[in-house]
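Take a look at the model below. This briefing walks through it by topic.

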Amino acid sequence: MTFQTPENNREHEAVLDRFLDDHPQWQRWRTWSDETTHAVHESLCLRAELVHEPKLEPRWRFAVYASPVGARLWHAAASTTAPTDIIDALLRSLATHAAEYPHMDSPREDEALAEATRPLADSGWTTAPEAPGWVRWRTPNDAFFLRHDRTDDSSTDSSAAWVLSGLDQHRARWTIALSATAPSTALADVAAAVADCEAFSRQQAAARSCARNPAPPPGPHGRRTR
């Protein structure tokens with residue numbers, strides 16, 4: 001995994017192209033203005049939207065509906081510089097559970113939190129004090145975090161009950177937000193991708209540190225000098 005932060009349209013387009021190539025149950029729809037591309041499941045209940053203008057936010061929108069003309073069950077959005085591997089993880093999570101979503105019950109809060117944060121706990125993330133009603137999981141350097149707003153209700157219009165965030169290669173922060181009714185499967189799949197992204201970033205930082213500060217050569221008796 002490369003965990004590159006997308007900086008141009010080609011990287012975003014490539015993610016969507018690969019996904020559509022791998023999933024024939026999804027079709028590509030373009031808007032009349034050609035400003036966005038929609039990936040739509042054959043059931044017409046699952047949709048992903050890519051905005052082609054890189055300066056517009058959010059760059060990606062995702063939504064699951066009860067029926068082609070039914071209510072929206074849950075939705076998500078991702079900012080322009082969200083790592084492509086995490087976008088890919090969310091797309092593939094949608095495809096994997098496509099048949100389940102119209103009949104999937106919203107998880108209870110404690111179950112969703114436990115399921116969503118398990119990949120983070122396995123990677124060494126820890127909880128931290130937060131504002132009343134908020135739960136935050138974060139890395140030691142606070143570069144990445146997951147925030148859950150417990151005060152949010154179950155409305156599908158609550159767009160940021162769950163927020164995953166990290167720093168890109170230019171130290172700018174990206175976010176992926178999911179509504180309060182997002183199922184634990186989607187939360188866990190995206191959280192696992194974020195945990196992998198954070199671990200990869202940590203490895204890169206360690207490698208850069210070693211390159212800048214190489215180990216001293218051995219001394220005359222085989223010991224390293226200082």
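The points below cover the sheet, a helix, a loop, a histidine and the cysteines.

This is a predicted model, in which local features need pLDDT of at least 70 and side-chain atom pairs count only at pLDDT 80 or more, while totals for chains, interfaces and linings use all residues. Residues are numbered from 1 along each chain as its sequence is written, and side-chain values use heavy atoms, with hydrogens and water left out.

Helices (H or I, at least four residues) and strands (E, at least two) are DSSP runs, numbered from the N terminus.

**The sheet**
- Ten strands make an open, antiparallel sheet, in the order E1-E2-E3-E4-E5-E10-E9-E8-E7-E6. Strands pair if DSSP finds at least two bridges between them.
- Strands E1 (26-30) and E6 (126-128) are the edges, and each pairs on one side only.
- On average, neighbouring strands of this sheet are turned by 20 degrees against each other, direction ignored. Axes are lines fitted to C-alpha atoms, for helices over the stretch in contact, and angles run from 0 to 180 degrees between N-to-C directions.
- E5 (residues 72-78) and E10 (residues 173-178) run antiparallel and are joined by three bridges.
- Ala77 has Ala177 in E10 as its bridge partner.

**Helix H2**
- H2 packs on the sheet and touches E1, E3, E4 (60-65), E5 and E10. Touching here is contact, meaning heavy atoms within 4.5 Å.
- The direction of H2 makes about 15 degrees with that of E4.
- H2 (residues 84-96) has 13 residues and should span 18 Å at 1.5 Å a residue; its end C-alpha atoms are 18 Å apart, which agrees. The expected span is 1.5 Å times one less than the number of residues.
- Ten of the 13 residues of H2 are buried. Buried means under 20% relative accessible area, exposed over 50%, and partly exposed in between (1.4 Å probe, protein chains only).
- Among these buried residues are Ile86, Asp88 and Leu94.

**His41**
- His41 lies in strand E2 (residues 36-41).
- His41 counts as buried because its relative accessibility is 11%.

**Leu44**
- Leu44 sits in the loop between E2 and E3 (46-51).
- Leu44 is not a glycine, yet has a positive phi of about 65 degrees.
- Most residues other than glycine have a negative phi.

**Cysteines**
- Cys45 is buried at 5% relative accessibility, and Cys197 is buried at 4%.
- The structure holds zero disulfides, a disulfide being a pair of cysteine sulfur atoms within 2.5 Å.
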